[in-house]
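Colleague: I am new to this one. Can you walk me through how the calls were made?

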Amino acid sequence: MRRFMVWLMVVGIVMALPAIGVTQKVTLNVWLMKQAEVELIRAQEEALKQFQELYPDIEVKFAVFPYNEYRDKLLVAAAAGNPPEISVVDQIWNPEFAAADFIIPLDEYVAQSQTVKKENYFSGAWDSAVFQGKLYGVPFDVGVWALNYYNKDLFRKAGLDPEKPPVTWDEFYEMGQKMTTSEQWGTALWVGKGDAIQCITDALIFSNRGSVLNEDFTRCTLDQPAAIGAMEFFKKLQRINPAGEVARTEEDSFQLFTAGKIGMFWYGEWGQDTINARAPEMDWACTNFPKPADGESIGTFGGWNMVIYKNAPNKDAAWKFIEFWTSREINERVSSLTPANIEAAKSFLQNKRKFSDVIFKQLTTALYRPIFPKYPDLAEIQRNATTAILLDEKTVEEAMRDATKEINALLEEYYSTL
C-alpha cells in the first residue's frame with residue numbers, strides 16, 4: 001500500500017511539471033552551405049553557443065553540404081516530407097520552393113518582430129524572397145555582380161590614368177581598345193554553363209533601364225529596346241576580348257585577369273581574396289559597374305535566404321533562430337559573403353574588403369533575377385540567346401526576339417497549370 005502511494009505521488013509530480021514552468025527541449029535541424037574557412041566555422045560555433053545560452057530550451061543541429069549537392073539534397077528531403085526546420089536557399093531557388101509548398105510565408109512573424117524589418121536589409125535581397133505577394137525568406141548574405149576590377153599597370157602602359165577608371169559604357173570600350181594588343185586585351189567575356197553570365201547580362205539590361213520580365217513576372221521583355229541595346233553593347237565587347245568566350249567560364253576569365261592578360265574584369269566583391277592570393281604583386285582597384293551615358297549603374301544580386309519548412313514541428317523556435325542569425329551583431333560574424341543586414345554589411349566591408357564604399361553603393365542599387373519557379377529553364381533560354389549572339393548565329397535583335405517567344409511560352413505553360 002505504501003509503495004502504491006509513493007507511485008501516485010511521483011505520477012502527480014510528473015503530471016504537474018508543465019504547470020510549474022518546466023518546458024520540453026526542442027531540436028532544430030539547420031542545413032547550411034559547407035564552409036572551408038576555419039575562422040568562419042569557429043565564429044559560427046561560437047554564435048551557436050551564444051544562441052543556446054539565450055534559448056536553453058532549443059537545441060540546434062547543423063548539417064552542411066557542398067554547393068553542387070546542396071539543392072538536390074534539399075529537394076529530395078522536402079519532397080519526401082523530411083526536410084530540416086530551417087535552411088538557407090539560393091535566391092533563385094526561393095520561388096521554386098515556395099511554389100512547391102515546401103516552405104512557409106513569414107509575413108506574420110515579421111510583423112511581430114522587433115529586429116527583422118525590411119528596412120534593415122538590402123532592398124533587392126529582401127524582394128528576392130517575395131513570391132506572389134508573400135515573403136518566403138529572410139536575406140542572410142549577398143553578393144553583387146558585378147564590380148569592375150582593373151589592372152592599374154595596364155592602364156599606365158596604355159597611357160590611361162588609373163585614377164580615372166571608366167564610368168560609362170563608351171569609356172569602358174574606348175579604354176579597353178587602348179589596352180588591347182596581340183597579347184593582352186581590354187576585357188574577357190565568358191558564357192560557360194553557370195548562372196554568372198545571366199547576372200552580367202541582366203546587370204547590363206538593368207543599367208540600361210530594362211528588365212527580363214515585366215513587373216508581375218508574367219511576360220518577357222527581352223525584345224524591348226533597353227534589353228536589345230544592352231546586348232548590342234555586350235556583343236561590341238568581343239572586339240576587345242580574347243577569342244573563345246563561349247566555352248570560357250567566369251573562372252577562366254578570372255585567371256586571365258590575375259595573370260595580367262586583361263585590363264578590366266567584371267566580378268563580385270568576394271573576388272578580392274582570390275586576386276590577392278593569386279597576384280599579390282598586382283596593382284589593382286575596382287569601381288562600379290559601367291553604365292550607359294543616360295543610365296544607372298545597377299548590379300545583379302546573388303546570395304542566400306533563410307527559410308522555414310512547412311513540415312517543421314517547431315516553427316516558432318525556428319523563427320527565433322532566424323531572428324538571431326540575421327541580426328546585426330551575429331550576421332556579420334557568421335557570413336562568408338557580405339551580410340544581408342545593412343548595418344552588419346557596413347562593418348563587414350570596412351573590416352574585410354578594399355573599396356568598401358564602392359561595393360556598398362553597388363549593393364544598394366542591385367536588383368534580383370526574375371522571380372519565377374522555373375528560373376533554371378528561363379536562364380537556359382537566356383544563355384542560349386547570348387551564345388547565338390556571340391557566335392554570330394543570330395543578330396542581337398533576332399536572338400532577343402526568339403528568346404522572348406520561348407520564355408513567354410514557358411511562362412504561359414507554367415501559369416496555365418495554376
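Colleague: How do you know that strand 1 pairs with strand 3?
Modeller: Pairing needs at least two bridges. Two bridges join strand 1 to strand 3, so they pair. They run parallel. Trp 31 stands opposite Ser 87 in strand 3. Bear in mind that this is a predicted model.

Colleague: What makes strand 1 and strand 2 a pair?
Modeller: Eight bridges join strand 1 (residues 26–33) to strand 2. The cut-off is at least two, so they pair. They run parallel. Leu 32 stands opposite Val 64 in strand 2. The bridge partner of Thr 27 is Glu 59, also in strand 2. From strand 1 the chain goes through helix 2 to strand 2, in a right-handed β-α-β crossover.

Colleague: What is the order of the strands in the sheet?
Modeller: The order is 2-1-3-10-6-11, in an open sheet of six strands. The pairing is mixed.

Colleague: Why are strand 2 and strand 11 called edge strands?
Modeller: Strand 2 (58–65) and strand 11 (338–339) each pair on one side only. Helix 3 (residues 67–79) packs on the sheet. Helix 3 touches strand 1, strand 2, strand 3 (86–90) and strand 10 (300–308). The direction of helix 3 makes about 140° with that of strand 1.

Colleague: Which strands pair with strand 10 in the antiparallel sense?
Modeller: Strand 3 does, over five bridges. Ile 86 stands opposite Ile 308 there. Strand 6 (residues 138–145) does too, over seven bridges. Val 138 stands opposite Met 306 in strand 10.

Colleague: Why is strand 10 called largely enclosed?
Modeller: Nine of its nine residues are buried, so strand 10 is largely enclosed by the rest of the structure. Both ways from the strand are covered by that count. Thr 300, Gly 302, Trp 304, Met 306 and Ile 308 point one way. Phe 301, Gly 303, Asn 305 and Val 307 point the other way.

Colleague: Why is Ile 86 called buried?
Modeller: Buried means under 20% relative accessible area. Ile 86 has 0%, so it is buried. Ile 86 is found in strand 3. Among the residues that Ile 86 touches are Leu 28, Val 30, Met 306, Ala 318 and Phe 321.

Colleague: How do you know that the length of helix 2 agrees with its residue count?
Modeller: Helix 2 (residues 38–54) has 17 residues. At 1.5 Å a residue, they should span 24 Å. The end C-alpha atoms are 25 Å apart, which agrees.

Colleague: What puts the buried residues of helix 2 on the same side?
Modeller: The buried ones are Leu 40, Ala 43, Gln 44, Ala 47, Leu 48 and Phe 51. They cover an arc of only 140° around the axis, so they lie on the same side of helix 2. An α-helix has 3.6 residues a turn, so residues three or four places apart point the same way.

Colleague: What does the face turned away carry, and what covers the buried residues?
Modeller: The face turned away carries the exposed residues Val 38, Glu 39, Lys 49 and Glu 53. What covers the buried residues of helix 2 includes strand 2, helix 13 (315–325) and helix 14 (328–334).

Colleague: Why is helix 13 called mostly covered?
Modeller: Eight of its 11 residues are buried. Among them are Ala 317, Trp 319, Ile 322, Glu 323 and Trp 325.

Technical notes
Residues are numbered from 1 along each chain as its sequence is written. This is a predicted model: local features need pLDDT of at least 70, side-chain atom pairs count only at pLDDT 80 or more; totals for chains, interfaces and linings use all residues. Side-chain values use heavy atoms; hydrogens and water are left out. Helices (H or I, at least four residues) and strands (E, at least two) are DSSP runs, numbered from the N terminus. Contact means heavy atoms within 4.5 Å. Axes are lines fitted to C-alpha atoms, for helices over the stretch in contact, and angles run from 0 to 180 degrees between N-to-C directions. The expected span of a helix is 1.5 Å times one less than its number of residues. Buried means under 20% relative accessible area, exposed over 50%, partly exposed in between (1.4 Å probe, protein chains only). The arc is that of the directions from the helix axis to the C-beta atoms. A crossover is right-handed if, with the strands pointing away from the viewer, the path from the first strand over the helix to the second runs clockwise.
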